[in-house]
Amino acid sequence: MPEEAARKRLFDNVFICMDCKAKMKAKPRKVRDNKVKCRKCGSKDLRLKSKEDRS
Ligand SMILES: [Zn+2]
């Protein structure tokens with residue numbers, strides 16, 4: 001289903017700031033390269049949202 005794929009891709013690009021828990025969309029590659037900063041606190045400590053979703 002195209003819809004499923006779109007949702008997954010969207011999810012893949014959502015990161016959470018480890019410091020202030022703000023959500024933001026970014027390209028995983030940019031995050032890996034430390035080119036993405038949290039809009040709120042400026043931290044570069046981000047993790048993928050999708051990895052957290054189990055708990
Ligand atoms: Zn932050």
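**Exercise 1.** In which order do the three strands form the open sheet, and is the pairing parallel or antiparallel?

*Solution.* Step 1: The model is predicted; local features need pLDDT of at least 70, side-chain atom pairs count only at pLDDT 80 or more, and totals for chains, interfaces and linings use all residues. Residues are numbered from 1 along each chain as its sequence is written.

Step 1: The order in the open sheet is β2-β1-β3, and the pairing is antiparallel. The edge strands, each pairing on one side only, are β2 and β3. On average, neighbouring strands of this sheet are turned by 40° against each other, direction ignored; the axes are lines fitted to C-alpha atoms, and angles run from 0 to 180 degrees between N-to-C directions.

Step 2: Two strands count as paired if DSSP finds at least two bridges between them. Between β1 and β3 there are three bridges. Phenylalanine 15 has leucine 48 in β3 as its bridge partner. Strands of a sheet pair through backbone hydrogen bonds, either parallel or antiparallel.

**Exercise 2.** State which pattern the protein chain follows along the sequence.

*Solution.* Step 1: Helices (H or I, at least four residues) and strands (E, at least two) are DSSP runs, numbered from the N terminus. The protein chain has two helices and three strands.

Step 1: Read along the sequence, these give the pattern α-β-β-α-β.

**Exercise 3.** Are lysine 21 and asparagine 34 buried or exposed?

*Solution.* Step 1: A residue is buried if 20 or more other C-beta atoms, placed from the backbone, lie within 10 Å of its own, exposed if 12 or fewer, and partly exposed in between. Of the 55 residues of the protein chain, 7% count as buried.

Step 1: Lysine 21, in the loop between β1 and β2 (23-25), has 10 other C-beta atoms within 10 Å and is therefore exposed. Its phi is positive, about 65°, although lysine 21 is not a glycine.

Step 2: Asparagine 34 lies in the loop between α2 (28-32) and β3 (46-48). With 10 other C-beta atoms within 10 Å, asparagine 34 is therefore exposed. Its phi is near 60°, a positive value in a residue other than glycine.
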